[in-house]
Amino acid sequence: MYHYAGIDVSLECSSVCLVDGSGKILRETKVASEPAALIAWFRSLGQLPDRIGLEAGPLSQWLYAGLRDAGLAVELLETRHVREAFKSMPVKTDRNDARRIAQLMRLGWFRPVHCKSVAAQETRAILTARKLLQSKLRDVENSLRGVLRGFGLKVGATTERTFAGRIRELVTGHPGLELVAAALLQAHAVLLREFNSLDKHTQKLARTHPQARLLMTTPSVGPIVALTYASAVDDPQRFRSSKATGAHFGLTPKKYQSGETDYTGRISKIGDASVREALYQAAHVMLTKPVKNCSALKSWAMRIARRAGMRKAKVALARKLAVILHRMLADARPFNPTVNAMAS
């Protein structure tokens, strides 16, 4: 008799459900959300499950790696797919979720997710921290501009070096504003220092990262775009075709066809939003700045722009870049302006 298990992961304890091949529930319990505890529980059953499923989440990759290394047949499930499968269920609890995941494993109606390597996860963590610091830095600057604007004090155009001096100049003679500006400028200085430090580390990482260095041979693809894409793909061989990367990162149109209705919508925007943003930024640079060795790609995108508008052209170019960058990783070859421009 085949056995299947579902794990609903929580921070402290995870709900686990074991079912047989007919769907009958055999065991249910709560186990500490630690690889060792879950492995010990499954081994205590006497017969290891033929498939174990857990939904992708913050702790899931860590648990998945531990269970896989212990020789258990574990699958990481796509969150969006699991959520859609559970929509018809009126009562949501951790126990019920574990039951439903176990049934999905029994039926085979699931889509596995690639578990990224530790190196890719660390790169992603660095990029996320850098973006967070950059966002908070802009928030402090915009808050200061907004506060001073209410008193008729216009900051105007500034640079990284002149911003603090301009703020102090404007608030001179306003005791209340001087207090506010001093606090926010101190926070701004700390954020700026840490952001610059992390940004330098990111630039250095890109120069020593083999895949990122390869991707940076592509026009308009810089260190951040290259690291973002390389860490998201991780293993190029997990895609059967380079064309699949466009859909994987949500850069292809949604489709709805039923009976006489046939509708093609905007891009799906599923998958990694940071990769979509990075590719769109690279496409924007290629179409709006003088960039060498991209005449064929730029001409192709500009023909779309004349027909459908610049925004759609940038999205189309971002999708094409996703395909080209994956092909470069899969073949381990730098950008070739004559060959890669023909990728679709």
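Biologist: Leaving aside its neighbours within four places in sequence, with which residues is Leu-325 in contact?

Modeller: This is a predicted model, in which local features need pLDDT of at least 70 and side-chain atom pairs count only at pLDDT 80 or more, whereas totals for chains, interfaces and linings use all residues. Residues are numbered from 1 along each chain as its sequence is written, and side-chain values use heavy atoms, with hydrogens and water left out. Contact means heavy atoms within 4.5 Å. With the neighbours within four places set aside, Leu-325 is in contact with Leu-215, Thr-218, Val-221, Tyr-229 and Leu-279.

Biologist: Which members of the largest nonpolar core touch the most other members?

Modeller: A nonpolar core is a set of buried Ala, Val, Leu, Ile, Met, Phe, Trp, Tyr and Cys residues joined through side-chain atoms within 4.5 Å. Buried means under 20% relative accessible area, exposed means over 50%, and partly exposed lies in between (1.4 Å probe, protein chains only). The largest core has 40 residues, and those that touch the most other members are Leu-215, Val-221, Tyr-229, Leu-279, Leu-317, Leu-321 and Leu-325.

Biologist: Which element gives the largest share of this core?

Modeller: Helices are DSSP runs of H or I with at least four residues, numbered from the N terminus. Two or more core residues come from each of helix H7 (175-208), helix H8 (210-215), H9, H11, H12 and H13. The largest share, 10 residues, is that of H13.

Biologist: How many residues are in the second, separate core?

Modeller: Among the members of this second core are Leu-18, Ile-39, Phe-42 and Leu-63. Its size is 18 residues.

Biologist: Within what arc do the buried residues of H11 fall, seen down its axis?

Modeller: The buried residues of H11 are Val-275, Arg-276, Ala-278, Leu-279, Ala-282, Ala-283, Met-286 and Leu-287. They line one face of the helix, because their arc is limited. The arc is taken from the directions from the helix axis to the C-beta atoms, and its value here is 165 degrees.

Biologist: Where do Lys-131 and Glu-277, which meet in a salt bridge, lie in the chain?

Modeller: A salt bridge is a side-chain nitrogen of Lys or Arg within 4 Å of a carboxyl oxygen of Asp or Glu. For Lys-131 and Glu-277, the N to O distance is 2.7 Å. The pair links distant parts of the chain, 146 residues apart: Lys-131 is in helix H5 (residues 118-149) and Glu-277 is in helix H11 (residues 273-288).

Biologist: How many salt bridges does a search of the whole structure find?

Modeller: Side chains of opposite charge can pair when their charged atoms come close. One network of salt bridges links Glu-28, Arg-95 and Arg-99. The search of the whole structure finds 16.

Biologist: How far away is the cysteine sulfur nearest to that of Cys-17?

Modeller: A disulfide is a pair of cysteine sulfur atoms within 2.5 Å, and the whole structure has zero disulfides. Cys-17 counts as buried, at 0% relative accessibility. The nearest cysteine sulfur is that of Cys-13, at a distance of 16 Å.
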